[in-house]
Amino acid sequence: MVLGYRPALKAGDMAPPSGESPLGNRLDPHLSRYAKRTHGMTASEIRSLFAVASRPEVVSLAGGMPNIAALSMETVSSTVANMLATRGQVALQYGSGNGDQHLREQICEMVGLQGIAPHPDDVIVTVGSQMALDLITRIFCDPGDVIIAEAPSYVGALGVFRAYQVEVEHVAMDEHGLNPEALRECLKTLAAQGKTPKFVYTIPTFHNPAGLSQPQDRRMEILQICQSAGVLIIEDDPYGLLGFDGHIPQAIRSHDSDGVIYLGSFSKTFAAGIRVGWAVAPHGVREKLTLAAESAVLCPPAFSQLTISTYLDTQPWMDQIKIFREVYRERRDATLEALTQYMPEGTTWTHPTGGFYVWVTLPEGMDGTAMLPRAVTARVAYVPGTAFYINGDGRQSIRLSYSFPEPDRIREGVRRLGGVINEELKLMHTFGTLGVARPSVSSQGSTPGPDVV
Ligand SMILES: Cc1ncc(COP(=O)(O)O)c(C=O)c1O
């Protein structure tokens, strides 16, 4: 018998009345075996609602899915055919842990648009920028370490931080993104507790979920604060080329190549299904990142890398990005117009100049998490604000994503949402308060569902 091994319960085994046993429960006989780090990996109750929300009659303003229909499938298939004909032997083989050399050179050219001028060796290709977030947290954070993130912050990053048992300190945003005063205050408080954050995680451009962008002077201020505190910045930038007026903000990393790790992705500028992203890391960090990447996946998929590389070499990729910008601008406009038309007084929202998301703040006293089942019943879905906070805050807010539905569907979805909010307001005025005698639906501290990154 293997030491420490306990036989799993068989499916038919009787469980104690509570459904729990030292080994597990009927649903999961392995329950007691999981590592502590999995305790934070829980699916939220709203996950099941999203199963309903994916029905065709529901307008989903929840998922941040790119509009792949705007990409020509003929272009993709001829690119793949071309790639296989010219580099098929390489594409179907293992590759190097930090990614294809030529693709890393191409990425250097692309990030030049954001003012970044790395050496190709500073680029590590990853399986989407999500993997870069995972690797960075893995190499920097022990359980109990502190990191700083905007409030609200990207739900997928919070999931990674939770999985590595990292403590997240949220720092408030204002209309220009991460608030420097709040950041200084947070660093001061942490220092007083003898804590040094491992990094500040920020999305300065077309923020997910807040739909805000940091102006250049704000970026500089954030950078100076972090430099003087000696804190690394993780700059997450999957939407940077998707500004509706064509303006490309300069990255924080363009001002400091040692103190900032920059993350990019082809998910929004080409296709999410290709699963290729990257990190531009300081010299010292790239070795550890590559070793961590090798232990996770050996190498990023050569097939995907060479497909995107061939696409960049042979297709007018900037024209495609312009098409995406137009599509998303039209949808942003539809969303903002519909919000103006259908939202009751007391509701406010951000006005994104790029990216996929609008952050809506509901009238005082309302609860976006508790309202979700009613919204889904009214055939509209969104992500409750609580999903974007580590600590259960954000109840009065919701995130709307306009990237996927057609403009007419967006208008219809926002009209339905307006109806739901008005109904909630009526109830609130009648009964004085909400949140009483309503189904308990929580999205706090857990992963909302696959459709909502
Ligand atoms: C802010 C942010 N970072 C990272 C990601 C992950 O993107 P991917 O792994 O597809 O590159 C997303 C996806 O929506 C995102 O919004």
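This is a predicted model: local features need pLDDT of at least 70, side-chain atom pairs count only at pLDDT 80 or more; totals for chains, interfaces and linings use all residues.

Q: Why is alanine 70 called partly exposed?
A: Count its C-beta neighbours: there are 13 inside 10 Å. Buried takes 20 or more and exposed takes 12 or fewer, so a count in between is called partly exposed. Alanine 70 therefore counts as partly exposed.

Q: Where is alanine 70 found, and what is it in contact with beyond its neighbours within four places in sequence?
A: Look in the loop between strand 1 (59-60) and helix 2 (73-91). Contact takes C-beta atoms within 7 Å, and on that test alanine 70 touches Ile323, Phe324 and Val327. Valine 327 sits 257 residues away along the chain, yet the two C-alpha atoms are separated by 7.6 Å.

Q: What puts the buried residues of helix 6 on the same side?
A: Those residues are Leu183, Cys186 and Leu187. They cover an arc of only 95° around the axis, so they share one side of helix 6. Their cover includes strand 3 (146-151), strand 4 (167-174), strand 5 (177-178) and helix 7 (216-229). On the face turned away from that buried side you'll find the exposed Glu181, Lys188, Thr189 and Ala192.

Q: How does the reach of helix 6 (residues 180-192) sit against the expected value?
A: From first C-alpha to last, its 13 residues reach 18 Å, close to the 18 Å expected at 1.5 Å a residue. After helix 6 comes glycine 194, with a positive phi near 75°.

Methods:
Residues are numbered from 1 along each chain as its sequence is written. Helices (H or I, at least four residues) and strands (E, at least two) are DSSP runs, numbered from the N terminus. Two residues are in contact if their C-beta atoms, placed from the backbone, lie within 7 Å. The expected span of a helix is 1.5 Å times one less than its number of residues. The arc is that of the directions from the helix axis to the C-beta atoms.
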